[in-house]
Each structure stands twice: as C-alpha cells, then as structure tokens.
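This report is an introduction for a reader who is meeting the structure for the first time. It begins with a single residue and then turns to the wider picture.

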Amino acid sequence: MSEKLVVIGAGMASGRVLEELFEAAPGRYSVTLFGAEPRGNYNRIMLSPVLSGEKTYEEIITHDADWYSAHGVTCRFGERVTGIDRDKKVVFSDAGETPYDKLLLATGSDPFIIPAPGHDLPGVLTYRDLDDTNAMIGAAAKPGAKAVVIGGGLLGLEAAAGLKMRGMDVTVLHLMGHLMERQLDAAAGYLLEKELKGRGIHVHTRANTHEIVGSDKVEAVRLDDGTEYEADIVVMAVGIRPSTGLASSSGLMCGRGVHVDDAMVSSDESVLAVGECVEHRGLCYGLVAPLYDMAKVAAQTLAGHDAAYTGSVTSTKLKVTGVDLFSAGDFAEGEGREEIVLRDPTRGVYKRLVIEENKIVGVVLYGDTQDGAWFFGLLKDKTDIAEMRETVIFGPSFAGGAPVDPMAAVAALPDDAEICGCNGVCKGTIVQSIQSGAGDLDAVRGGTKASSSCGTCTGLVEQLLAVTMGDAYAAPAAKPVCGCTDLTHEDVRRIIKAGKITSMAGAMQECGWKTSCGCHICRPALNYYLLSDFPDAYRDDPQSRFVNERNHANIQKDGTFSVVPRMWGGITNPKELRAIADVAERFDVPTVKVTGGQRIDLLGVKKEDLPEVWRELNDAGLVSGHAYAKGLRTVKTCVGTDHCRFGTQDSTGLGIKIEKRMWGSWTPHKVKMAVSGCPRNCAEATCKDIGVICVDSGYEVSVAGAAGMDLKQTQPLAKTETEDEAIDLIVAFTQLYRENAKYLDRPYRWVEKVGMDWVRARVVDDLEERLALVARFDFSQSIYQTDPWAERAEEQQSRQFRPLADLTLQAAE
Amino acid sequence: MDQVTPLNRWVEIGRLEDIPKRGARVVKTDAGCVAVFRTFEDAVYALEDRCPHKNGPLSDGIVHGDAVTCPLHNWVISFETGQAQGADEGSVRTFPVKVENGALFLDTGRVLRSASVLSAA
C-alpha cells in the first residue's frame, strides 16, 4: 500500500517536486494536492506576458487535469487548509480531516501591503496570481484609466509595463533613489528609468506613500511631499514575505520562513517545505531557479534518497518586452573587489562585472544581455578569469577586435546637425571645410568659425577631424576631466546640456564613464554642472562635494574649521559683533581674524561645535558667509557718499544690494566682487572677478580680474547710468559664467578662453539674452538661496557633525 | 556567535542609516578617532581617522568606490588595505566593523590593542 503524501500549495515549487518525485519513485505515494486558487499549476513567471496581452492563460498552464489524473493526484483546488495536527498527522480543511504520512508545505509567499491609510479600499490590488492579473486587465478595459504602481522592483515594473501595454496611464512610485535597487546599481537603474519614461510610464523615485485617497474606492495616491496621483487602481508591489501562518500555528520552527535543513525537511521529520515559504541557511528566495533546486532535493528526500540543497546563486531578468536587463550575484563594492565597466552611450548599453580574487562575483548588464548566461556561468563556477581579464567584458565572442568606437556617435550625426551653437555651424559645413584642406582645429575655426567662441564644441570638432581625416589627423592631447573618462570638461557640459541629463548616474552613463561611481575629481564637477543647468530637476549631492562645501565651513590643517558669517557689503553693527564675541568666548575659538574681504573669521572651531556656533550666530541674524564656497563670496565696499568727501555714489548700498541678490549662488569657482565709490578705488574693485567703480555719471562695471596666483586687472564690460542696470549686467555676466565655464576656472580664466567680445555680445549688446540670463539666475536662486547654517543647525542635520559614538573611558564614566 | 576574547570585543556603535551613503561618521575611542565609512552600496569600513600624510580627518573626505580622498591634500586611501594609493606612500590602521540587522558593530578590542602595540613599540 502506498504512503500518503499531502501537498499544501499548488504552485511552481510543488509542481516541480511532484514531477521529480513521480520520476524518482513512481507509485510510492498517493498524493493529495491542496491549492487555494481554484485551478491547477501554471507558470506564474509568465503572468507578465498575460497581463500585457502577449500570452493567454491557457498558454501558461503547466499541469492540466489530464496530468494530475494520469499520476493519480487527488486535486483539492480552491479548498483552503486551515490547520495541521502533527501528532495525529492530519490536515484540516472545510471538508474535514485529511491524513498524511508525509506533508509537503509549498505555501509560497504573501504580498506585503504598505499599511498606509486607505490600503484596504476597493481598487488596491496586489500582483501574485491569475485573479490579480485578471483584475488588472479588467481595470485597463476602461478608456483613459489610470494606474499607480507602488514599488519599482521586478514585479512592480512588470505590472507597470503590462498595464501600459493595455493602454493605461501608468505611474510608478518607488521609495528608493533608483529603480530595482536590489538588483541594479545606479547606472543601470538610470537606463531603465529612461527606457520606461520613453514608453510613457511616469516614474517617481524617492516617493514615500502617505495615503491612498478615496471614499468608497481608490481615487488617488498622495505622497509625503504632497504630490497626488489620480488612480483607478493601485497595484502594491513593494515586496513579498514567506507565508508561514500555517506552519507556525502548527508549531513548526519558523524564522522569516519555515526553517528547513539541507534535505528540505522542517523541524518535524515528517514535514518538508519548499519554495518561497522556506528559510534555508538564513536566506529566503523569491525567484524561480532556487525553487527548482529545492524541489529537486525535496523529491529525492521523499523518494528516500540522500540529497542536499546548499543554497542558490540567483540571477534576475526583467520580463518586459524590449528591455534587456540582467543582474546576478553581489555587485556591492567591497574589500578586495574590483570592477570592469563598459558603457556605450549611443546604444544605451551598460555592463559591469565585479571581480574578487580573479573571479566574477557580480554582474549587471543593461541594453545588451546576450552574454548574461556566459557571465553567470563564470560566476557560478567560480572560474578564474585572470587569463582573459582584459577582454572578458566583451563576452565570449570577442575575437581580439577593437573595443567600442568612441567616434561612432559623431560619425552617426546627420549633416545638418548643429555642432557650434554660438556661431550656428552644422556638421556638413565643418566636414566640407576639412575635406577642402582644413587639417586642424585652428584651420576649422578660421574657415567656419566653429568652436571659435565659447569652445564647448571643441571636442566635437576634433572628433569630426578624426572621423573625416582618419589616421592623417594628429589629435592634440585634450585633457580629460579625470581618470574616469576620456572626455574633457567641455564635452561633459555639452552632453549634459544637450541630453537634458538631470542625474549623476545619467551623466556618467551618457558620457561613458569608466568607473561606476566616479572619483573626488569628477564628482564635484558633475554635481556643479547638473545643479547649474537643472537647478530644479537635479538634487544637490552633498557626498559629491568637497569637505568645505559639505560642512559649510573651511577645514584647517588640524581638522578644525573656520567660520565666517556674512556681513552684507562689509557692514556690521554692535549686536552682530557682540554675538560673534560671545561665540568666540563660549567655544574657545583660538583665533579671530579680519579677512581681506571685510569679514570676521573665527578660526579653530571643532566640527561637532559647528551646528551650535551657527545656531547662536543665526539668533543674532547672521547667516553663512559662504567663505568656503565655489560661489559668491564677498562684495567689498568703501563708504561712498554716506561719509566720504570724494564719494560719487552710494557704493555701500550698491554692494549690499548685489550681495543680497546673489548670495547663496553656486558658481564654477569662487566669485569675489567689490564696489568703489570713486576712481580712487579704496575697495580694490579692479582686481576682483567683478568690480564696480562709481563715477559722477554712473557705474563702470568691469570683470575678469584676479589677485591670487595670477594678477590681472579687470576688463571693462560696460558703463551704466543706473544702479539697476549695473546689477543686471553683473547678474547676467555671472549667469553666463555659471552656464559655460569649466569647473574650477575662475572668471578670468574662462574669459581668456571665450574672449571679452563674446561675453559683451551676450551680456551687454543683446538685451533679450541679458534678461534671459538674469531670469535663469533668479530661478536658480529661488531654489538655492537658503541659509545652509540654519538648515544644519536643526537637530536632524546637526547629528551628522557629532561623533557616531563615544567609546572613551571618560564617556563611560 | 563571536568568541569573546581580549582581542575581539564587538561594541554596537549605531545604525547603518546614521551614516550617509558615500559618507562617514567618527567614533571616539581611547586609542583616537576611528572613521566609519559607508559606501554607495552599503559596505562599511573602519579606519583610523588620520591621514598618514598630515593627519587629515579622512572622515571628511569624498568617498568613491572603496576608497576615500583626504580632504587636506587629496591623498587617496584604500578602505580595504588602509594604504595610500598611487604615488603616495603610507598607511592607516583598519579595524573590523560589521552590520547585523542594520546595527553597526566595531571591534574595539582590536582598536585598543593596536594602540597599545603602538605605544609599546
């Protein structure tokens, strides 16, 4: 007489166990199969194509009624098991008791529901089974229906893509900074987001769901930041957790999942468990490959053979048609790990291998995944790749050819593509000039005017020379930003602007960065370019800023900091001076010094005291002087008509107005200004980045001076009659500098490259352009003109300045 | 279970989320300050918070990959080895640190022992 095997759960894991079992021990068991769904086993990972309409349910059935009857399986589909009595060896269901000799738990997992208000409204769906899928298909049938998918992981994105293909208006909300952060690094996450947006799916990252709104059904989803998205359905796909209710209530040992040993046996030797409900060696799995590995072992155990499951290495592929994405192993940076990165911006390809001790331990592929299986094989087999290290990233078919051609992008541009925006020169004109003899950059500049103004297209023109002339062209050694790229600053700025790139990961991808996350040289530059070009869409990254800008104070040689409060135009008063004196005494500030820019510098403040120092200065009305910033530093003034017998205009007042308008703005390098009330120039305005000399008839604005490593007198920009016009000119010049200069070029260096004529043409002669520059500056200020000290003096932020822990003996006492 | 010996004393110092990604926080000990770093992908490292060049606070540097650039003179120090990279020569001590269920643990036994070895030498 055969033994009785009861199986709870008719999903893919138990389906595979039965297949393997009937092969390994035919006739040994008579099987009763319970399933909560009113149907047999089907290929759950193919639900995405069913949702999108590319497949039907019938096509994904794996075990039909004939199969079950051929193997003598008693099917109890749609009947929920409510309990287990392990002493009596029976399971309970609505129909009563069912006895077993062996019990197999394959209860799978439950979707995790965010407990936000409204989560139980009709229209809130999960995405686990055919019923969920059909509910989504039903909702999509209404024309113009809107779906919000909460969760930008594997499941959520497949749901989003499927619903979009069904014609719905889809928004994906994701808590983390980039999509699929468990499987992808930031670069691949960026490409994926770009692809989905290209399909018309709206993606909102860093989205914290506050509430699901609706009276008797779902109407909208509201985020913590107040954003609201209308919704006819909300799909919760934030994660799964092993379904252990039945197991734990019957006293089986459970952690996150049902505990099993290597033979897939639970804490009761008569009860086995497989699949997503299982915790094996501390790990739970949610992908199909490990389930099959477990199923094989469970079947052998049931058949009475020795077998051991030792864990799985998993890989992930997103099942969205047209999106090629592969991830496997561990791609975190870590001790002894190195990476090989290959990017091809024109094809949207990103490949990254993480190597440890000459073995591949992690793979992320986007855009071209055909080598995924090969890399995954090397990873699983722990193959030593030392021999093929140089070429492994190109895949198994690599036969020694040249790596991806960096010129391809330029070669592919049409003839009418504009290369030089300043002078309106298109590719065809430049190529023609090269073909008729212009053999280097200067010759092209002379012949076409391309690259002869702001210079940001220089890289492109050089590439055109190389493409057109081939080996005959000897490229000058252009200085790349850093070791992470071959591109120059100018190239990078152009690509960011042209591609409207608003994220660091995006910039690195589109520029073909050779490292996954840059270095201390390129990250501050990229951070500046992004926030300068897209003040609203880009979010400033403090971790990509140099210490002084991150801590809003200047680091000194002993690791302490200096603090300089702002004194508008160099004017102060007794109240401010008293506050500064109090702070200096209270915090034992060793040195108090007057600076060259008419400010007071408190030197030697300990990092952990900074927030408290700022709070006290804030209380007296003092804000950050940005003495640490690549930004507006000081506007130095003389006393002008207020007191001076020679003064011609209110130089102090103008200095204060300029400083109030422009403080808090970030620039490629520091910007210092001065306003002198008469040509005696007591404020030394003619060696500043921007200087104003007041005269009887108005204001002489001059720019691009220097008094540092180089000494330069300013060059005249324009003379104005009114204060307002002088301020407009200054603001417009600064904005032109912000938008075009290379990071860490002071204005005088930048003006040397572009020429005063080019600057005057935009800032002075073209009134429309001047006003546009002013408007863009003011827009940026509407976001960035905030006192960083006040923000950081708040408790939440000030913690970052204190030690994480104090383990000294003194602290213990 | 970790063996408790004088060489091995794990002390909880905070939570992973207390340190910004690509950032660091300082732990004060009787053997000096220890910088605890968190990379973009949540690996953590603990290093002596003194650059071998001129004692700069590494905890205030820019974190990139598994290295930090000293804020004073741009020496690049590897998290893994504590060695200065490139042409610069010098090293800082590294200490065991681990994350368990989001909590950070530092092996203070190792921190203190390395200090006593140094002072004895």
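Predicted model: local features only at pLDDT ≥ 70, side-chain atom pairs only at ≥ 80, totals over all residues.

Once residues up to four places away in sequence are set aside, A:Leu711 touches A:Cys687 and A:Ala706. A:Cys687 lies 24 residues from A:Leu711 along the chain, and the C-alpha atoms of these two residues are separated by 7.5 Å.

## Chain A as a whole

Chain A is made up of 813 residues, of which 47% count as buried, and its secondary structure comprises 28 helices and 39 strands. Among the contacts in chain A with a separation of 6 or more, 63% are between residues 24 or more positions apart.

In soluble globular proteins, nonpolar side chains tend to be buried together. In this model the largest nonpolar core has 149 residues, and those with the most contacts inside it come from chain A, with A:Val149, A:Val234, A:Val235 and A:Val363, and from chain B, with B:Val36, B:Ile77 and B:Leu106. Apart from this core lies another, of 46 residues, which includes A:Leu5, A:Val7, A:Cys277 and A:Leu302.

When its neighbours within four places in sequence are left aside, B:Val36 is in contact with A:Leu804 of chain A and with several residues of chain B, including B:Ile13, B:Val27, B:Arg25, B:Val97 and B:Leu106.

## Where the chains meet

How many residues of chain B are in contact with chain A? There are 36 of them, and they are in contact with 26 residues of chain A. Strands E1 (10-15), E2 (23-29) and E5 (62-64) of chain B each supply at least two residues of the side that touches chain A, and the largest share of that side, six residues, comes from E2(B). Sorted by class, the side of chain B that touches chain A has 13 nonpolar, 11 polar and 12 charged residues.

E2(B) is also joined by two bridges to strand E39 of chain A, residues 805-806, and the two strands run parallel. Opposite A:Asp806 stands B:Lys28, which belongs to E2(B).

Notes: Residues numbered from 1 in each chain as written. Chains lettered and ligands numbered in written order. Helix = DSSP H or I, 4+ residues; strand = E, 2+ residues; numbered from the N terminus. Buried ≥ 20, exposed ≤ 12 C-beta atoms within 10 Å, placed from the backbone. Contact = placed C-beta atoms within 7 Å. Core = buried A, V, L, I, M, F, W, Y, C linked by C-beta atoms within 7 Å. Nonpolar A, V, L, I, M, F, W, Y, C, P; charged D, E, K, R; others polar. Pairing = 2+ DSSP bridges.
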